[in-house]
Structures are given as structure tokens and as C-alpha cells.
Amino acid sequence: MSTVNIGVIGCGYWGPNLIRNIAELPTGNLVAVADTRADRLKHIKTLYPFVQVTENYSDLFSMGIDAVIIATPPHTHFAIAQDCLNHGINVLVEKPLTLNSADGEALIKLAAEKNLVLMVGNTFEYNTAVEMLKQIVDSGELGEVFYVNAVRTNLGLFSTRHNVMWDLAPHDISIMLYLLGKEPTSVSAMGRSSIYKGVEDLVYMHMNFDNDIVGHVHVSWLDPQKVRRITVVGSKKMVVYDDIEPLEKIKIYDKGVDAPPYADTFAQFQFSYRYGNVVIPYIKFTEPLRVECQHFIDSITNKTRPRSDGVVGLRIVKVLEAGEWSLKNQSQLKNIEPTSVELAAPALSTVNGNGNGKH
Ligand SMILES: NC(=O)c1ccc[n+]([C@@H]2O[C@H](COP(=O)([O-])OP(=O)(O)OC[C@H]3O[C@@H](n4cnc5c(N)ncnc54)[C@H](O)[C@@H]3O)[C@@H](O)[C@H]2O)c1
């Protein structure tokens, strides 16, 4: 079995989860970990004595590495990813891909020129519950989809550099685009900086999609309750995905309301409510990060476009960028141009998996 030599850059809060998965996968060979903080490297060395550590990620370029996973703060993603691609190294970069669409496009073009894999860590797209949610939406069981509502709230972890939208909303936007198979045509956002001036800790995003579908994202670092919930409401049924639930993550509600086609009298003017069963499908859970890391390795080995490739990452950045503009411009609606799939690496064959990258 061929293995892919991998280095991880950034081992703060999230990086160790990626390091553990790469270390455990038989197809991945964890060669080195880089971080500017010596204390974090010391910690990693106690867990994985065999791994090389360095405070300068460019040392990885002379270690025979095929791929890197970048888990550094978002403002560093572009420069580090560009440097790694320029050194002929495949890249999995944590979300968000970049902090603006021009940088995102530049990375996609660079990866295409070099025939390298560029993947974004949209973890939820590798979550079996989200995959089931997509199957339910695609099957037509919900009828015509009216709207998707996402709530992601908790107390902290605060950042002073990026607002809560850039921190938490990439997850919900990625799930929404994945479920609906398309990007929004326009976005608006409103928010509030309650604790640290100029950095919103509460944001409500509104997205318009084709066919009158509406998406909402509510993210907050300042909420007493940890909520991770997506609701999809259709003309026939409604479904709720609650990521906090240990087992019963998805509930399909056979509920709906029909308005009368016409009403001549008040007596005839009755909405008809349907209250049916609630179905809780069984979901076989696999750690999403494990699936994501394996998919990155497979994409490199098979020279295929990952499901969450640079184009998928760019679409999310464009939504966030439009949201940021709206936040700074009295919540005005910002139109979004469709993203060209032609940007993607032509030399890599089409997406393996469920075809998400083709949207
Ligand atoms: N997919 C998910 O569910 C998920 C969850 C949490 C965080 N993230 C993402 O992971 C990334 C890291 O987030 P975090 O919460 O771990 O941040 P963090 O601040 O805890 O860790 C980042 C680490 O990167 C290091 N670093 C910074 N600049 C560096 C450089 N130039 N070279 C080497 N190391 C450098 C820092 O020293 C730090 O140890 C972010 O992009 C975040 O959005 C993803």
C-alpha cells in the first residue's frame, strides 16, 4: 500500500485532531509538525515521539513531504498555502480557504497549474449525518425546499482578529451549499459587537438562492446555550439535524400546512395542518475528520478533485465576503456572481465521492 508523506502546519486547538487522524491512518505517514510556538511542538513530541518538529514550516520543504495540512489562523492561510503549492506540495487548508475571493482564486489557479490537490477542511461535508441529510433533500421526500435555517451558538471562543461569521458560519454555509447543490445569488448580514469593539460576536446572515429558496445562518459567541442545528423546511416534510444529539441527530417530521386555493367565506378559509410521524433514521457514525483526511490522501493518490476542493472553498469565501460587505453597509443585499467551475484543476480527473465539487 502506498503512503502519502504528510506534514501538519499549526498545532494549536484544532491541529492536534488532524495530527491524530493522520498518525492513525495506514495510508498517511505523519512526517513532521510545524508551529511557531515551541510549547505546542513540545506537547506534540510527547504524544508522537517519532515525528519531526520545527518552528519554521519551510523546513518541511526538505523533508520529502507530499502534502501539508494547514491548521493555522485564517489570516495566514493564503501565504502558507501559496508557498506550499509553489514547492510542489498538495494542500489541505482549514476553513475558510482565504479571507478574500481574489486570494482564493489565485490558490485555485496555482494548484491547477501545478496539477496539485487543493482541498478545504469543510469537515461537515464528511459527516455521515450531513450526508444523510443531503440524501433526504435529494430524494424529494421533503417536497419543494422552502428554506434552510442554521443556528450555531455558544459562549466563546472569542477572537479579536476575525468576527464570529468568519469563524463559525463557514460550517453552515458549507452544509447549505452542499445540501442545496448551488450557491446563493445574494447575501445580506446584520450583527453586533457586544464585547470587543469592531468584531461582531453575533451575526445573522440571509441568503437568497434560485427557486425562491432562502437560507439563514445565526452564529454567536455570546449565547448561554451551545446549539448546532440545521432545519430544512419543505412543502411535504421538515427535517432537523441536531449535531449536539449523541444518537438521534436527524428527525424527519411529517408536518406541513396547506393554504386553501380560494375562500369565499370565512368558514372556508381554513389552513389545513398535517401532523404525522416523526422518523429518526439510524446513522452509522464515523469520525468526520477521519473521513476527510482519508479523502485528502485518496485524492492525492488517485489524482482526483476532492469533494471540498478549492472551488467549493471559494464559493464559501464569496458568501462570507458578501456578508462582510453587508455588515459594514447597513445590511444591504449584495449580489454574488456564479463561480466558474473552469477554475478547478483541469488535469485532475473529476470529483470522487458524491460530486459536490461540481456544483
Ligand atoms: N474544521 C473544523 O471544525 C475547525 C474547528 C476549529 C478550527 N478550525 C480551523 O483551524 C484553524 C486553526 O484554528 P485553531 O482554533 O486551532 O487556532 P489556534 O490559534 O488555536 O492554533 C493555530 C496554531 O497555528 C500556529 N501558527 C500561527 N502562524 C503560524 C505559522 N506561520 N507557522 C506555523 N504555525 C503557525 C499558532 O502558533 C497556533 O499554535 C483555523 O483556520 C480554524 O478556522 C477548524
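**View 1. Helix H4 packs against helix H8.** Helix H4 (residues 101-114) and helix H8 (residues 310-328) meet at an angle of about 170 degrees, and their axes lie 9 Å apart. H4 is therefore roughly antiparallel to H8, a term for angles over 145 degrees. Axes are lines fitted to C-alpha atoms, for helices over the stretch in contact, and angles run from 0 to 180 degrees between N-to-C directions. H4 contributes Ser 101, Gly 104, Glu 105, Leu 107, Ile 108 and Ala 111 to the contact, and H8 contributes Gly 310, Val 311, Gly 313, Leu 314, Val 317, Lys 318 and Glu 321. Two residues are in contact if their C-beta atoms, placed from the backbone, lie within 7 Å. The residues of this contact comprise six nonpolar, four polar and three charged. Here Ala, Val, Leu, Ile, Met, Phe, Trp, Tyr, Cys and Pro count as nonpolar, Asp, Glu, Lys and Arg as charged, and the others, Gly among them, as polar. Helices (H or I, at least four residues) and strands (E, at least two) are DSSP runs, numbered from the N terminus.

The model is predicted: local features need pLDDT of at least 70, side-chain atom pairs count only at pLDDT 80 or more, and totals for chains, interfaces and linings use all residues. Residues are numbered from 1 along each chain as its sequence is written.

**View 2. Six strands form an open sheet with parallel pairing.** The strand order is S3-S2-S1-S4-S5-S6. Strand S3 (52-54) and S6 stand at the edges, each with a single partner strand, so one side of each has no neighbour in the sheet. Two strands pair if DSSP finds at least two bridges between them. Direction ignored, neighbouring strands are turned by 25 degrees against each other on average. Strand S4 (residues 67-70) runs parallel to S5 and is joined to S5 by four bridges, with Ile 70 opposite Val 93 in S5. Helix H3 (residues 74-86) packs on the sheet, where H3 touches strand S1 (4-9), S4 and S5, and the direction of H3 makes about 170 degrees with that of S5.

**View 3. Strand S6 pairs with S5.** The two strands run parallel and share four bridges; Leu 92 stands opposite Met 119 in S6. In a regular strand, side chains alternate between the two faces of the sheet. From S6 (residues 118-121), Leu 118 and Val 120 point one way, whereas Met 119 and Gly 121 point the other way, and all are buried. Buried denotes 20 or more other C-beta atoms within 10 Å of the residue's own, exposed 12 or fewer, and partly exposed the range in between, with C-beta atoms placed from the backbone.

**View 4. Two cis peptide bonds lie in the backbone of loops.** Most peptide bonds are trans. The bond joining Lys 95 and Pro 96 is cis, with omega about -15 degrees, and Pro 96 lies in the loop between strand S5 (90-94) and H4. The bond from Gly 156 to Leu 157 is also cis, with omega near -20 degrees; Leu 157 belongs to the loop between strand S7 (145-155) and helix H6 (164-180).

**View 5. The ligand is surrounded by 22 residues.** The closest are Gly 10, Gly 12, Tyr 13, Trp 14 and Glu 94. The shell divides into nine nonpolar, eight polar and five charged residues.

Key:
Near = placed C-beta within 6 Å. Parallel < 35°, antiparallel > 145°, perpendicular 65-115°, else oblique.
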